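Thanks for coming. Please look at the model while I talk.

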Amino acid sequence: MSTRARQYDAEVLRRERLSEHLVRLVLGGAGLTSFVSTGVPDEWVGLVVPGQFQSRYYTVRSWDGSELVLDVVVHEDGLVTEWAQLEGAGSCVGQTVTLTEPKGSFAMPAGAAWLLLVGDLTALPAMARICRSVDVPTQVWAEVPDDLPDYLPSGTAVTWLVPPGPGQSRLAEVVEQIDWPAGDGYFWMAGESAQMRAIRKHLMRERHLPSSAYDVMGYWRGATQRQPRAVDPGPIWRAGKAAGRSDEQIWADYDEASKA
Ligand SMILES: Cc1cc2nc3c(=O)[nH]c(=O)nc-3n(C[C@H](O)[C@H](O)[C@H](O)COP(=O)(O)OP(=O)(O)OC[C@H]3O[C@@H](n4cnc5c(N)ncnc54)[C@H](O)[C@@H]3O)c2cc1C
């Protein structure tokens with residue numbers, strides 16, 4: 001049996017600037033007709049842009065059966081950052097990209113009484129989808145450089161935080177000061193990798209949470225650190241799942257494999 005992951009060709013139908021640092025890409029076309037969502041609200045795909053072989057990972061902001069939306073953070077410089085903003089003849093609109101099979105990681109236990117979501121701008125698409133999919137009291141901490149008051153569903157309890165500077169985050173410090181609700185709940189967090197590593201330690205050593213009670217994912221690595229090796233999380237994810245490892249253990253394996 002082939003273990004090769006499925007890939008999809010998709011056309012960039014439209015592009016919309018949601019804010020200074022967030023660009024929405026709407027993908028569609030015949031190549032996406034067989035796309036099937038995992039239904040997991042933080043699901044992501046690998047995006048390979050024309051002329052490249054490396055992928056970058058993006059949350060499926062929405063998929064309605066014909067159009068798939070990705071919200072792309074545009075930061076100082078980067079492969080997708082630059083491609084997504086090209087104007088004129090090189091514009092991404094009308095180009096064909098490749099998407100990898102979607103994967104999801106959010107796994108809130110059935111008995112969870114509350115949900116805490118923490119993330120930066122790269123995590124905002126997932127947090128918006130998660131908020132729509134759950135029916136337990138949810139509190140969000142969003143560290144974003146832009147004003148995006150309508151991005152999360154109306155009525156969401158959210159604390160907006162400003163990043164300390166471009167390409168910087170202080171989410172680990174924020175989480176260490178959270179006043180945790182009583183009882184059993186679920187904690188989901190994504191953003192800059194060093195911040196996420198600090199939080200995993202905090203959750204294990206100070207809060208003594210079982211790994212089933214949280215999901216913490218490094219989505220990108222700050223430019224001041226050594227750059228990660230380009231590691232495709234797909235095979236690590238599949239091998240981890242096949243070995244019965246928890247999502248948390250799989251993300252730690254991914255961080256380890258990405259270390260330069
Ligand atoms: C599961 C998963 C889901 C993700 N979902 C999203 C999503 O929905 N939207 C989204 O925008 N991103 C998302 N990301 C993060 C995204 O894959 C990375 O930010 C990616 O590196 C961006 O690619 P790039 O080509 O723009 O920059 P790259 O070419 O990868 O990096 C160039 C430089 O920019 C720095 N850099 C990378 N990302 C950032 C950033 N966000 N802020 C500041 N500096 C940065 C790098 O350190 C590097 O120095 C997700 C990542 C994962 C693993």
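Start with the open sheet, where seven strands run in the order 4-3-7-1-2-6-5 with antiparallel pairing. At its edges stand strand 4 (56–59) and strand 5 (62–63); each has a single partner strand, so one side of each has no neighbour in the sheet. Strands, and helices too, are DSSP runs numbered from the N terminus: a strand is E over at least two residues, a helix is H or I over at least four. Two strands count as paired if DSSP finds at least two bridges between them.

This is a predicted model, so local features need pLDDT of at least 70 and side-chain atom pairs count only at pLDDT 80 or more, while totals for chains, interfaces and linings use all residues. Residue numbers start from 1 along each chain, as its sequence is written.

Strand 2 (residues 22–28) and strand 6 (residues 68–73) are joined by six bridges, in the antiparallel sense. In that pairing, Leu 22 has Val 73 of strand 6 as its bridge partner.

Next, the domains. The protein chain is divided into domain 1 (7–100) and domain 2 (115–258), with bounds that come from an automatic or database domain assignment. Their C-alpha centres are 22 Å apart. Between them, 17 residues of domain 1 are in contact with 16 residues of domain 2; contact means C-beta atoms, placed from the backbone, within 7 Å. On the domain 1 side, strand 1 (7–19) and strand 6 each supply at least two of the touching residues. That side has four nonpolar, eight polar and five charged residues. Here Ala, Val, Leu, Ile, Met, Phe, Trp, Tyr, Cys and Pro count as nonpolar, Asp, Glu, Lys and Arg as charged, and the others, Gly among them, as polar.

Which residues touch the most other members of the largest nonpolar core? They are Val 72, Leu 124, Met 127 and Met 189, in a core of 58 residues. Buried means 20 or more other C-beta atoms within 10 Å of a residue's own; exposed means 12 or fewer, and partly exposed is in between. Beyond its neighbours within four places in sequence, Val 72 contacts Val 23, Leu 25, Tyr 58, Val 80 and Ala 84.

Last, two single residues. Is Tyr 219 buried or exposed? Tyr 219, in strand 12, is buried, because 21 C-beta neighbours lie inside 10 Å. Leaving out residues up to four places away in sequence, Tyr 219 touches Thr 122, Ala 123, Ala 190 and Gly 191. Asp 179 sits in the loop between helix 3 (171–176) and strand 11 (186–192). Asp 179 is exposed, with 5 other C-beta atoms within 10 Å.

How values were computed: Core = buried A, V, L, I, M, F, W, Y, C linked by C-beta atoms within 7 Å. Contact = placed C-beta atoms within 7 Å.
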